[in-house]
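Colleague: I am new to this one and would like to learn how its features get their labels. Could you show it to me and take my questions one by one?

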Amino acid sequence: MTKKMILSRPFKKLSDSVMNVLSCGVILLMFAIVAQVIASRLGVTTIVDLPARWPLFGDAITLNSLTDLQWYLMATIALLPAAFVWVNDGHVRVDFAHQYLGERGKAAVELTGHAMFAIPFLLMCIPDAFELALKAFERGEKSANGGLWDRHVIRFMMPVGLSLVLITITLEIWPLVRRLIGKVKS
């Protein structure tokens with residue numbers, strides 16, 4: 001049984017919706033790159049002066065804020081969908097060995113990987129990532145070079161993305177145990 005068969009229909013719809021929204025982020029990333037290249041070529045550093053403070057952008061959209069926006073978008077596109085990629089069995093694994101195992105062998109390898117590597121790693125990283133984001137929020141961290149404000153927004157992507165992966169892995173344990181003991185047929 002593959003993970004795709006384990007997914008409930010509502011979760012599959014949610015997964016597809018999140019991935020579609022994040023794919024729009026890729027298009028926005030491309031526009032930010034093109035705008036930055038054009039502004040740079042034209043020698044424009046301040047693209048738009050804003051009449052009031054905007055979230056992330058502050059009081060202007062600048063060449064540096066476009067650079068920071070690319071960084072924010074790339075981090076969001078990379079970190080938030082990790083759990084959905086995992087659930088859809090799109091994550092990286094040593095498939096050249098995994099493909100020759102039976103269902104029980106695959107379940108044993110995946111459970112071992114979860115217990116020895118993924119869960120301990122995530123349990124160590126999530127608190128530190130959250131603390132880093134919280135400190136950025138408390139300090140009002142922003143770009144020093146006229147880039148984006150509210151750096152905590154991007155810093156919170158890491159604990160959120162890693163927490164989603166931890167939840168996904170935790171929810172996957174019971175089906176893997178059932179496969180390991182032979183309660184689920186492929």
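Modeller: Let us begin with helix H2, which gives the nonpolar patch its largest share, three residues. Helices here are DSSP runs of H or I with at least four residues, strands are runs of E with at least two, and both are numbered from the N terminus. Bear in mind that this is a predicted model, where local features need pLDDT of at least 70 and side-chain atom pairs count only at pLDDT 80 or more, while totals for chains, interfaces and linings use all residues. Residues are numbered from 1 along each chain as its sequence is written, and side-chain values use heavy atoms, leaving out hydrogens and water.

Colleague: What makes the nonpolar patch on the surface, and which residues form it?

Modeller: Val34, Ile38, Leu42, Val44, Ile47 and Val48 form it, with about 480 Å² of accessible area together. Patch residues have over 30% relative accessible area and no salt bridge; nonpolar side chains (Val, Leu, Ile, Met, Phe, Trp, Tyr) are joined within 5 Å, like charges within 9 Å. The areas come from the Shrake-Rupley method with a 1.4 Å probe, and for residues only the protein chains shown count as cover. Helix H2 (9-42) and strand S1 (46-54) each give two or more residues to the patch.

Colleague: Why is leucine 42 called exposed?

Modeller: Exposed means over 50% relative accessible area, buried under 20%, and partly exposed in between (1.4 Å probe, protein chains only). Leucine 42 has 63%, so the label is exposed. Cysteine 24, which also lies in helix H2, has 47% and is therefore partly exposed.

Colleague: How do you know that the chain is more spread out than a compact globule?

Modeller: The chain has eight helices and two strands. Its radius of gyration is 21 Å, well over the 16 Å that the globule rule gives for 186 residues, so the chain is more spread out than a compact globule. That radius is taken over C-alpha atoms, and the rule is 2.2 Å times the number of residues to the power 0.38. The C-alpha trace spans about 65 × 30 × 30 Å along its principal axes.

Colleague: What makes glutamate 103 and arginine 179 a salt bridge?

Modeller: A salt bridge needs a side-chain nitrogen of Lys or Arg within 4 Å of a carboxyl oxygen of Asp or Glu. Here N to O is 3.3 Å, and the pair counts as a salt bridge. Glutamate 103 lies in helix H6 and arginine 179 in helix H8, so the bridge ties together parts 76 residues apart in sequence. Arginine 179 is buried because its relative accessibility is 5%, while glutamate 103 is partly exposed at 24%.

Colleague: Why is the pair of phenylalanine 130 and phenylalanine 156 called edge-to-face?

Modeller: Rings of Phe, Tyr and Trp (its six-membered ring) pair if their centres lie within 6.5 Å; planes under 30 degrees apart are stacked, over 60 edge-to-face, and the rest tilted. By this rule there are two aromatic pairs. Phenylalanine 130 and phenylalanine 156 are 5.8 Å apart, centre to centre, with 65° between the planes, and form an edge-to-face pair.

Colleague: And what makes lysine 142 lie over the face of tryptophan 149?

Modeller: A charge sits over a ring if NZ of Lys or CZ of Arg is within 6 Å of the ring centre and within 35 degrees of the ring normal. Lysine 142 is at 4.1 Å from the ring centre of tryptophan 149 and lies over its face.
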